Amino acid sequence: ERASALRSGCPGRMTMSFGPRPSFEYLPLAGELGIRLHAGSIAEILRQAALSWSAILLSEQRQSGPEYLRVIELEAPDRAGLLVAWMNELLKLAKRDRWIPSRIEVHEATETHLRATAWGPVLEHAPTLGDAATRHGLRFDAQCGGFEAEVLLDA
């Protein structure tokens with residue numbers, strides 16, 4: 001039993017898991033949209049963040065035309081800043097170009113750098129949800145076997 005817990009890298013945890021299953025959930029907050037993310041890597045947290053945002057926007061309105069490819073590369077001082085920069089880049093692309101990623105491939109993600117390729121449709125109308133992701137209420141923590149993050153979008 002102790003050997004199993006040691007193999008997992010988490011005291012008291014009896015599993016051979018290689019990190020939490022990637023997921024996201026929405027947090028009901030007044031005037032903001034909160035998103036809680038779970039994953040085994042920084043790359044997967046960033047991917048889940050984009051998918052959580054896309055799930056809302058792509059369900060709200062019709063898409064027009066084919067999917068378009070975007071290569072996105074960002075730098076930030078730390079992983080929490082990288083999450084905010086990523087969400088704000090996606091918001092900017094949504095508002096300016098009406099483009100929303102529906103598929104994301106993260107090629108490189110470190111504590112301070114992201115390089116990803118994303119494919120997505122152009123929406124008929126620019127989305128109205130969210131002005132910016134902020135550091136208010138932000139957390140991006142390493143946990144046993146993975147990461148958990150929470151980010152808020154001003155509604």
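Predicted model: local features only at pLDDT ≥ 70, side-chain atom pairs only at ≥ 80, totals over all residues.
User: Okay, salt bridges next. How many does the structure hold?

Analyst: The general idea first: side chains of opposite charge can pair when their charged atoms come close. In this structure there are eleven salt bridges. Take Arg-79 and Glu-111, whose closest N and O atoms are 3.0 Å apart. That pair connects distant parts of the chain, 32 residues apart: Arg-79 belongs to helix H3 (residues 79-97), while Glu-111 lies in the loop between strand E4 (103-109) and strand E5 (113-123).

User: Are the two partners, Arg-79 and Glu-111, buried or partly exposed?

Analyst: One of each. Arg-79 has 19% relative accessibility, so it counts as buried, since the cut-off is under 20%. Glu-111, at 37%, is partly exposed.

User: What about a salt bridge inside a helix? How far apart are Glu-89 and Lys-92 in helix H3?

Analyst: Glu-89 and Lys-92 are three residues apart in helix H3, which means about one helical turn between them. Their closest N and O atoms are 3.3 Å apart. Glu-89 is buried at 18% relative accessibility, whereas Lys-92 is partly exposed at 39%.

User: Which residues are linked in a network of salt bridges?

Analyst: The network takes in Glu-25, Arg-36, Arg-139, Asp-141, Glu-148 and Glu-150. One of its links is the bridge between Asp-141 and Arg-139, with the closest N and O atoms 2.6 Å apart. Asp-141 is partly exposed at 31% relative accessibility, and Arg-139 is partly exposed too, at 23%.

User: Now the rings. How many aromatic pairs are there?

Analyst: A pair of aromatic rings is described by the distance of the centres and the angle of the planes. The count here is two aromatic pairs. In one, Phe-24 and Tyr-26 have ring centres 5.6 Å apart and planes at 65 degrees, so the pair is edge-to-face, the class for angles over 60. Phe-24 is partly exposed at 29% relative accessibility, and Tyr-26 is partly exposed at 34%. Then there's Phe-140 with Phe-147, also edge-to-face: 5.8 Å centre to centre, with 85 degrees between the planes. Both Phe-140 and Phe-147 are buried.

User: Last one: where does the charged end of Arg-79 sit?

Analyst: For this feature, look at where a charged end lies relative to a ring. The charged end of Arg-79 sits over the ring of Phe-140, 5.6 Å from its centre. Another case is Arg-70, whose charged end sits over the ring of Trp-99, 5.1 Å from the ring centre.

Note on methods
Residues numbered from 1 in each chain as written. Heavy atoms only, no water. Salt bridge = Lys/Arg side-chain N within 4 Å of Asp/Glu carboxyl O. Helix = DSSP H or I, 4+ residues; strand = E, 2+ residues; numbered from the N terminus. Buried < 20%, exposed > 50% of the residue type's maximum accessible area, 1.4 Å probe, protein only. Phe/Tyr/Trp six-rings, centres within 6.5 Å; stacked < 30°, edge-to-face > 60°. Lys NZ or Arg CZ within 6 Å of the ring centre and 35° of its normal.
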